[in-house]
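Student: Could we go through this model by question and answer, with the cut-offs stated as we go?

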Amino acid sequence: MLIGEVMTSPVVTVPRTATVRQAIRVLHEHDITAAPVIGPDGRMAGIVSEMDLLRGAFEADPRAFLRPVAAPGEPPPRHVDEVMTSRVRTARPNSDAADLAETMIRTGLKSVPVLDGDRLVGMVSRRDLLAVLARGDARIRDDVIAALREHGARDRWTVTVRDGDVELRGEADEAARRLAEVLARTVPGASRVTVRESAGRS
């Protein structure tokens, strides 16, 4: 699967001139964990996450302590550009979603902006990747059959799907087997693809 097939688009963004409270409302209202920050030129200037916005947002409640709470020091940040992350890891729409998933697991990233050149075209979150894996076997099978049919290869294959694992069974030469495998791998939700010869072939 390509990133462009799993990303969320259009993207919910926050202007660089927004206050922290405005950004908090955007994330809360859209039920997202992070949003790209857009500068006056329309380009992505950074990304702001829930964690960024929570820094300094709460003062200690004196009711929780037996002694008076010390007076606060510096005032908390008020604008998004004070708390956003400027150096952002991004992805391209034609890159492999599997590679991005591995990167997110390794680095702990929850959301990654998708850029086509300098243009923000999407956002991939852990939730987007989970949604792909949650697709039912019947739907995956239908999509595999549609992909095979589109390339004139449907009649030679029996398609079964179990827990996202796709099995193609039929009689074909190496080139046709390879094509069928590649087509099946492009289907969202297909976690593994196995190509086997029909039973009884000598």
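Student: Against which elements do the buried residues of H6 pack?

Tutor: The model is predicted, so local features need pLDDT of at least 70 and side-chain atom pairs count only at pLDDT 80 or more, while totals for chains, interfaces and linings use all residues. Residues are numbered from 1 along each chain as its sequence is written, and side-chain values use heavy atoms, with hydrogens and water left out. Helices (H or I, at least four residues) and strands (E, at least two) are DSSP runs numbered from the N terminus, and contact means heavy atoms within 4.5 Å. On that basis, the buried residues of H6 pack against helix H1 (3–6), helix H5 (97–107) and S5.

Student: Which residues of helix H6 are buried, and within what arc do they fall?

Tutor: Buried means under 20% relative accessible area, exposed over 50%, and partly exposed in between, with a 1.4 Å probe and protein chains only. In helix H6 (residues 126–133) the buried residues are Asp128, Leu129 and Val132. They line one face of the helix, because seen down the axis of H6, with directions taken from the axis to the C-beta atoms, they fall within an arc of 95°.

Student: Which exposed residues does the face of H6 turned away from its buried side carry?

Tutor: The buried side of H6 holds Asp128, Leu129 and Val132. The face turned away from that side carries the exposed residues Arg127, Leu130 and Leu133.

Student: How many residues of strand S5 are buried, and how many of S4?

Tutor: Strand S5 (residues 119–125) is mostly covered, with six of its seven residues buried. S4 is largely enclosed by the rest of the structure, because its buried residues number five of six.

Student: In which sense do S4 and S5 pair, and which residue in S5 does Asp116 stand opposite?

Tutor: Two strands pair if DSSP finds at least two bridges between them, and strand S4 (residues 111–116) pairs with S5 in the antiparallel sense over six bridges. The two form a hairpin with two residues between them, and Gly117 in the turn has a positive phi of about 70°. Val112 stands opposite Val124 in S5, while the residue opposite Asp116 is Arg119.

Student: Why is one side of S1 and of S3 left without a neighbour in the sheet?

Tutor: The open sheet has three strands in the order S1-S2-S3, with mixed pairing. Strand S1 (14–15) and strand S3 (44–49) stand at its edges, so one side of each lacks a neighbour in the sheet, each having a single partner strand.

Student: How many bridges join S2 to S3, and what is the bridge partner of Val37?

Tutor: Strand S2 (residues 34–38) runs antiparallel to S3, and five bridges join them. Within S3, the bridge partner of Val37 is Gly46.

Student: Is Asp52 buried or exposed?

Tutor: Asp52 is placed in helix H3 (residues 50–54). Leaving aside residues up to four places away in sequence, Asp52 touches Ile47, Val83 and Thr85. Its relative accessibility is 6%, so Asp52 counts as buried.

Student: Which backbone nitrogen does the side chain of Glu82 reach, and at what distance?

Tutor: Glu82 lies in helix H4 (residues 80–83), and its C-alpha atom is separated by 9.5 Å from that of Thr19, 63 residues apart along the chain. The side chain of Glu82 reaches the backbone nitrogen of His79 at 2.9 Å.

Notes:
A polar contact is a pair of N or O atoms within 3.5 Å; within protein, one must be able to donate a hydrogen and the other to accept it, and residues adjacent in sequence count only if both atoms are side-chain atoms.
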